[in-house]
Amino acid sequence: MPGSSDVRVIGIDISGDFGSGIRGGLVDGTGAIVARKEALTPLTGEADLVEAISTMGGRLAEGARRDGNPPTALGVAVPGLIDEASGVVKRSPNLPLQGSALASALSARLGLPVFLVHDTGAGALAESILGAGRGVADMLLVGLGAGVGGAVISGGRLLVGATASAGEIGHISADPAGLTCGCGGRGCLETLASERALALRYTMASKVAVLPEEVLSRAAQGDALARRVWNEAMVALATVVSTAAILIDCAMVVLAGPTALPGASVGPLRTLLPQRMNLVRPPRVELSSLGPTAGVLGAAVAALERSGMGEVTRAWREAAPPPVSA
Ligand SMILES: [Zn+2]
């Protein structure tokens with residue numbers, strides 16, 4: 001067992017869309033990313049994707065070995081449904097991974113223990129230990145982007161659930177008579193508060209094709225339809241988040257995602273949550289502080305904790321500042 005300063009693990013996040021790609025980082029015993037790599041996501045098939053991930057992992061491992069601190073494990077943040085125990089990706093909607101034994105394939109190539117973690121869960125783990133939720137043991141992370149995702153940290157641990165779907169708040173219905181969702185349900189939060197939904201709802205009502213960020217800018221400029229679409233999105237978000245927050249009794253909600261949507265949602269949620277939570281104290285609402293590196297750090301946390309090096313992340317948790325009272 002190396003001393004904390006010599007610890008190295010690799011975190012790789014493959015949740016990026018085509019174009020934003022695969023991110024990887026070599027993480028040291030203090031939780032700092034000491035080397036980074038990025039690559040485009042090949043969508044040509046499972047073999048090419050495994051090749052891209054193992055090439056990145058191999059280069060990060062090689063650099064670490066050259067510096068005298070070889071990595072001890074690799075964590076991979078994966079979008080979709082995964083079985084953490086077997087390291088199998090059961091299905092991933094946007095990647096060529098269906099029933100793929102990804103962990104064992106990478107482990108055989110790299111000679112390292114490999115652990116898979118859900119991408120949103122990885123982000124939540126990282127934010128709760130190193131980011132906006134430092135010192136907060138009970139936290140809900142809401143990912144706002146093309147879709148709406150979520151993950152729950154309860155008692156400092158990532159909640160997985162019976163079918164590895166805990167925290168999927170994007171598919172809680174906020175309007176039973178609403179639009180049909182990609183999941184087959186009606187009026188899911190994702191059909192109201194995702195970027196795709198904002199653009200679609202504005203376009204359906206106006207017959208003017210817009211990008212999601214235009215709905216935000218038009219609402220800010222006073223466009224009545226854009227304001228209505230935006231307000232409906234925020235009311236649905238507050239309704240679903242308050243329901244989830246009462247259920248899990250979280251102290252903080254962290255909003256995350258690659259565009260302006262999470263930041264724009266912080267203010268409305270801070271106003272709307274207290275209106276919906278009387279018995280239970282409303283959680284603080286904060287914007288992700290780790291941004292796009294959260295997935296890499298969360299994958300590294302999962303690798304440390306599941307490879308028997310939990311004392312490293314325990315030290316990070318204990319070093320966290322006490323939460324600021326609301
Ligand atoms: Zn749905």
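Which residue takes a positive phi just after H1? That residue is Gly68, with a phi of about 85°. Before going further, a word on the ground rules: this is a predicted model, in which local features need pLDDT of at least 70 and side-chain atom pairs count only at pLDDT 80 or more, while totals for chains, interfaces and linings use all residues. Residues are numbered from 1 along each chain as its sequence is written, and side-chain values use heavy atoms, with hydrogens and water left out.

**Helix H1 and its surroundings**

Helices (H or I, at least four residues) and strands (E, at least two) are DSSP runs, numbered from the N terminus. Helix H1 covers residues 46-66, which is 21 residues. From its first C-alpha to its last, H1 reaches 30 Å, close to the 30 Å expected at 1.5 Å a residue; the expected span is 1.5 Å times one less than the number of residues.

Several residues of H1 are buried, among them Leu49, Val50, Ile53, Met56 and Leu60. Here buried means under 20% relative accessible area, exposed over 50%, and partly exposed in between, using a 1.4 Å probe and protein chains only.

Two packed helices are described by the angle between their axes and the distance between the axes. Axes are lines fitted to C-alpha atoms, for helices over the stretch in contact, and the angles run from 0 to 180 degrees between N-to-C directions.

| Helix pair | Axis angle | Axis distance |
|---|---|---|
| H1 and H2 | about 45° | 10 Å |
| H5 and H6 | about 70° | 7 Å |
| H7 and H8 | roughly 60° | within 9 Å |

Take H1 and H2 to begin with, whose axes pack at about 45°. That angle makes H1 oblique to H2. In these terms, angles under 35 degrees count as roughly parallel, over 145 as roughly antiparallel, 65 to 115 as roughly perpendicular, and the rest as oblique. The crossing of H1 and H2 is right-handed; a crossing is left-handed if the near helix is turned anticlockwise from the far one by less than a right angle, and right-handed if clockwise. On the H1 side the contact uses Val50, Glu51, Ile53, Ser54, Gly57, Gly58 and Arg65, and on the H2 side Leu102, Ala105, Leu106, Arg109 and Leu110. Contact means heavy atoms within 4.5 Å. Sorted by class, these residues are 6 nonpolar, 3 polar and 3 charged. Ala, Val, Leu, Ile, Met, Phe, Trp, Tyr, Cys and Pro count as nonpolar, Asp, Glu, Lys and Arg as charged, and the others, Gly among them, as polar.

Leu106 of H2 deserves a visit of its own. At 0% relative accessibility, Leu106 counts as buried. Leaving aside neighbours within four places in sequence, Leu106 touches Val50, Ile53, Ser54, Leu74, Val76 and Val114.

Next come H5 (residues 195-206) and H6 (residues 212-220), which pack at about 70°. That makes H5 roughly perpendicular to H6, and their crossing is left-handed. Glu195, Leu198, Ala199 and Tyr202 of H5 meet Pro212, Val215 and Arg218 of H6. This contact holds 5 nonpolar, no polar and 2 charged residues.

In the remaining pair, the axes of H7 (224-248) and H8 (residues 261-276) cross at roughly 60°. That makes H7 oblique to H8, with a right-handed crossing. The H7 residues in the contact include Trp230, Met234 and Leu237, and those of H8 include Leu261, Pro268 and Leu272. By class, the contact of H7 with H8 has 13 nonpolar, 3 polar and 1 charged residues.

**Loop residues to look at**

Lys207 sits in the loop between H5 and H6 and has a positive phi of about 65° although it is not a glycine. Lys207 is exposed, with a relative accessible area of 71%. Ala164, another residue that is not a glycine, has a positive phi of about 60°. Ala164 belongs to the loop between strand S11 (157-158) and helix H4 (190-193), and at 30% relative accessibility Ala164 counts as partly exposed.

Finally, Gln221 lies in the loop between H6 and H7. Gln221 is exposed, at 68% relative accessible area.
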